[in-house]
Amino acid sequence: MERALFVRHGESVYSAKALVNGDPGVACGLTELGRQQARQFGERLMGEPIGLCVVTEFPRTHETADLVLGEREVPRLVVPELNDPFYGGFEGRALADYRAWAATHGPEDVPPGGGESRLVIASRYVRGFRILLGRKESTLLVVCHSLPIAFAVAAADGRGPRSKMPLITHAEPHVLYADQLEQAVEQLDEWTRNPVYA
């Protein structure tokens, strides 16, 4: 790849209610606003040569990709490594509850109910980003979730994960070129060997 256009899916039913959904088996589609966001982003991408569309296992990323690409025939690849975190006992609960827990626990701590630690999440994202870097297509559209984009953008800028990452806006692009994504992978990979919040 030469560049990846990362975009968070359009507003979903859960995100509209500020709830978390880390189980792809849970039905959670886009709201009408989310569908509108996806279509508008698609209009902005009309002139972009997209060689591959990457999605996660979550239906909201597939629905967003469908609306963004419209009638364009673009190959699609599911990369589960870029899935939203598995939240364990926080599944279906308020995002604020999970973020409050994450802000007061270390990167190796596992959420109640057997969710993923931040260390496990970061390691998984590193594997996902490496899959992107290994693709032969020049421009990738990567429709995923807030956290992998926040991790990638911060790491490309030389910053490791924090206990409270910024939320990424729905259907807004974040462009990372291959060298920037490689920098992000190196930064995150190094952090996983010594997972300490800055």
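Trp101 is buried, at a relative accessible area of 13%, where buried means under 20% relative accessible area, exposed over 50% and partly exposed in between (1.4 Å probe, protein chains only). The exercises below concern a predicted model, in which local features need pLDDT of at least 70 and side-chain atom pairs count only at pLDDT 80 or more, while totals for chains, interfaces and linings use all residues. Residues are numbered from 1 along each chain as its sequence is written, and side-chain values use heavy atoms, with hydrogens and water left out.

**Exercise 1. Classify the aromatic pairs.**

Rings of Phe, Tyr and Trp (its six-membered ring) pair if their centres lie within 6.5 Å; planes under 30 degrees apart count as stacked, over 60 as edge-to-face and the rest as tilted. By this rule there are eight aromatic pairs. One of them is edge-to-face, formed by Phe6 and Phe129 at 6.0 Å centre to centre with 90° between the planes. This pair links distant parts of the chain, with Phe6 in strand β1 (residues 3-8) and Phe129 in helix α5 (residues 118-133), 123 residues apart. Phe6 and Phe129 are both buried.

The pair of Tyr98 and Trp101 is stacked, because the ring centres are 6.2 Å apart and the planes meet at 25°. Tyr98 and Trp101 both lie in helix α4 (residues 95-103), three residues apart, about one turn of the helix. A further step gathers Phe6, Tyr125, Phe129 and Phe151 into one aromatic cluster.

**Exercise 2. Which residues touch the most other members of the largest nonpolar core?**

A nonpolar core is a set of buried Ala, Val, Leu, Ile, Met, Phe, Trp, Tyr and Cys residues joined through side-chain atoms within 4.5 Å. Among the 40 residues of the largest one, those touching the most other members are Phe6, Leu82, Phe129, Leu132, Val142 and Leu181. Two or more residues of this core come from each of β1, β2 (52-55), α4, α5, β4 (139-144), α6 (146-156) and α7 (178-193). A second, separate core of 15 residues includes Ala38, Val68, Val74 and Ala171.

To see how α7 takes part, note that its buried residues, including Leu181, Leu188 and Trp191, pack against β1, α5, α6 and β5 (173-177).

**Exercise 3. How many disulfides does the structure hold?**

With a disulfide taken as a pair of cysteine sulfur atoms within 2.5 Å, the structure holds zero. For Cys28 the nearest cysteine sulfur, that of Cys144, is 15 Å away. For Cys144 the nearest is that of Cys53, 10 Å away. Cys28 is buried at a relative accessible area of 3%, and Cys144 counts as buried at 0% relative accessibility.

Definitions and conventions: Helix = DSSP H or I, 4+ residues; strand = E, 2+ residues; numbered from the N terminus. Contact = heavy atoms within 4.5 Å.
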